[in-house]
Amino acid sequence: FTFPLLSVTLLVSFGSSMLYGYNLAVVNSPAVYIKAFYNATWSRRYGHGLVPGPLTLLYSLTVSIFALGGLVGSLLVGVLVERYGRNGTLSRSALLVLLAGGFMGFSRELGSPEMVIIGRSITGLHSGRCCLGCGAVALHHGSNLRGFLGLMPSIFICLGVFFTQVLGLPELLGQDRFWPLFLSVVVFPASLQLLLLHCFPESPRYLLIEKNDVCGATKALCRFLGTPDVQDVIKEMKEEQQSLSSVEMISVWQLLQDRSVRWQTLSVVVVNAGMQLSGIDAIWFYTNTIFENAGIPESQIPYATVGTGAIEVVAGLIGCFTIEKLGRRPLIITGFCTMGICLAGITISQLLQAALPWMRYASVACVVGIIAGFCMGPAGVPFLMTAELFTQSHRPAAYIVGGSLNWLCNFTVGFIFPFLQMSAGAFCYLFFCGVCLLVALYVYLVIPETKNKTFMEINRIFV
């Protein structure tokens, strides 16, 4: 491991994945204050406040519009990476964050809930390119560190969530007067990434395969890996380039019709949709509401939330540092199974808490288990699989398919969960439980281990 390689991985993760994690959880703590702002603004404009139903609908839109922006961003990933490379794409994304921070930061001063919603959608557009940080960072070099670097962005997602939870404490920004600042803190890491990104070379794989710049790719690899002996990695990339010399980049429609990669495509669909339908977004978006329904005293909820965030960072580190030893399959199967069991546990604990008051703490333990299980594997492995299961000709289309499903499912969960919780009560978690267990079964039966295999070797396994 070299300092330049570690530095660029940290920089990409800090400016992309950490912001993604921050924006996932940032609406949880100030939910009451944002709803009050919406209600007061509506009353000022129309002479009457919002009743609970429309207010919940408007707030659900604020939460979930982030995913619609993410959907648009994910659709642009393949084109932007091909045209601008990693550095150019990330620079443009950072500028979007600055714009979004301005909208959200001045929304209350201008009395405009619309600015909050627009700002959330723009941050989603930026985060839609997070799969560039989660998948493409791992493609800098050969297979020996791909898993480690592929999961490192997931640690920054966890750190972003944890940072949000800490800032959301009542002693810091978790107060009514600070919520616009709380939403717009994202401008600081985006500015730092924008300033530092030009200090690092472009992705070697992009330089060689897309631009046919062997000299530039060699120099970049030497700098990243800290050794002049990079011919084996160059040889692997040249082999892939030669295999693609007569093959054009395929479209999404062609990918879906290509029978030679049908199992890879189905696997990307299952793991990316399963990652979002696992219920993790409901946990992150509505942690305080879940704890409130579990009977946790209101004064203790912010601190219980921070505790779950600390545990998810530890779980992410465990996954990152064990993936090259254990492999991808054990982490993702164990993670989904853990989540499924804990989701069933939340249902049981909430049904029994009226008769057994101590069951409220079982609910907290189950939430911790869901987050820990997710961060150990399902948080990062699906992005890594999207990169590993396809060669360069199919990879951009695979990113679009995986990213689109990821964000569509994210939007669906974020928008309907409050209504699902109101109608089904504790039983709403059983749907997510079933999804987790079915995805774990699919991975066990269908997806092979990809640890220490080249992209061409992985492709041949499915043939």
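Which residues is Trp-284 in contact with, leaving aside its neighbours within four places in sequence?

**View 1. Surroundings of Trp-284 in the predicted model.** In this predicted model, and with its neighbours within four places in sequence left aside, Trp-284 is in contact with Leu-24, Ala-25, Asn-28, Ile-157, Val-161, Glu-312, Ile-371 and Phe-374. Two of these names, Trp-284 and Phe-374, return in the next view, where both are listed among the members of the largest nonpolar core that touch the most other members.

**View 2. The largest nonpolar core.** This core has 103 residues, and those that touch the most other members are Leu-255, Trp-284, Ile-370, Phe-374 and Phe-417. Helix α3 gives the most to the core, contributing twelve residues, and at least three residues are drawn from each of domain 1 (1-200) and domain 2 (252-462).

View 3. Helix α10, made up of twelve residues (214-225), reaches 16 Å from its first C-alpha to its last, which is close to the 16 Å expected at 1.5 Å a residue. After the helix comes Gly-226, which has a positive phi, near 70°.

**View 4. The salt bridge between Glu-114 and Arg-45.** The structure holds two salt bridges, and in the one shown here the side chains of Glu-114 and Arg-45 meet with an N to O distance of 2.8 Å. Because Glu-114 lies in helix α4 (residues 113-127) and Arg-45 in helix α2 (residues 31-46), the pair ties together parts that are 69 residues apart in sequence. Both ends are partly exposed, Glu-114 having a relative accessible area of 37% and Arg-45 one of 40%.

**View 5. The salt bridge between Arg-108 and Asp-176.** Here the closest N and O atoms of Arg-108 and Asp-176 are 3.9 Å apart, and the two residues form a salt bridge. Arg-108 lies in the loop between α3 (52-105) and α4, while Asp-176 lies in the loop between α6 (146-167) and α7 (179-184), so this pair ties together parts that are 68 residues apart in sequence. Arg-108 is partly exposed, with a relative accessible area of 27%, and Asp-176, at 41% relative accessibility, likewise counts as partly exposed.

View 6. A disulfide is a covalent bond between the sulfur atoms of two cysteines, and the structure holds zero of them. Cys-433 is in no disulfide, and the cysteine sulfur nearest to its own, that of Cys-436, is 7.0 Å away, whereas a disulfide requires the two sulfur atoms to be within 2.5 Å. Cys-433 counts as buried at 11% relative accessibility, and Cys-409 counts as buried at 10%.

**View 7. The whole chain, for orientation.** The chain that holds these details has 22 helices and zero strands. Buried residues make up 60% of its 463 residues. Among the contacts in the chain with a separation of 6 or more, 82% are accounted for by residues 24 or more positions apart.

Technical notes:
Residues numbered from 1 in each chain as written. Predicted model: local features only at pLDDT ≥ 70, side-chain atom pairs only at ≥ 80, totals over all residues. Heavy atoms only, no water. Salt bridge = Lys/Arg side-chain N within 4 Å of Asp/Glu carboxyl O. Helix = DSSP H or I, 4+ residues; strand = E, 2+ residues; numbered from the N terminus. Buried < 20%, exposed > 50% of the residue type's maximum accessible area, 1.4 Å probe, protein only. Expected span 1.5 Å × (residues − 1). Core = buried A, V, L, I, M, F, W, Y, C linked by side-chain atoms within 4.5 Å. Domains from an automatic or database assignment. Contact = heavy atoms within 4.5 Å.
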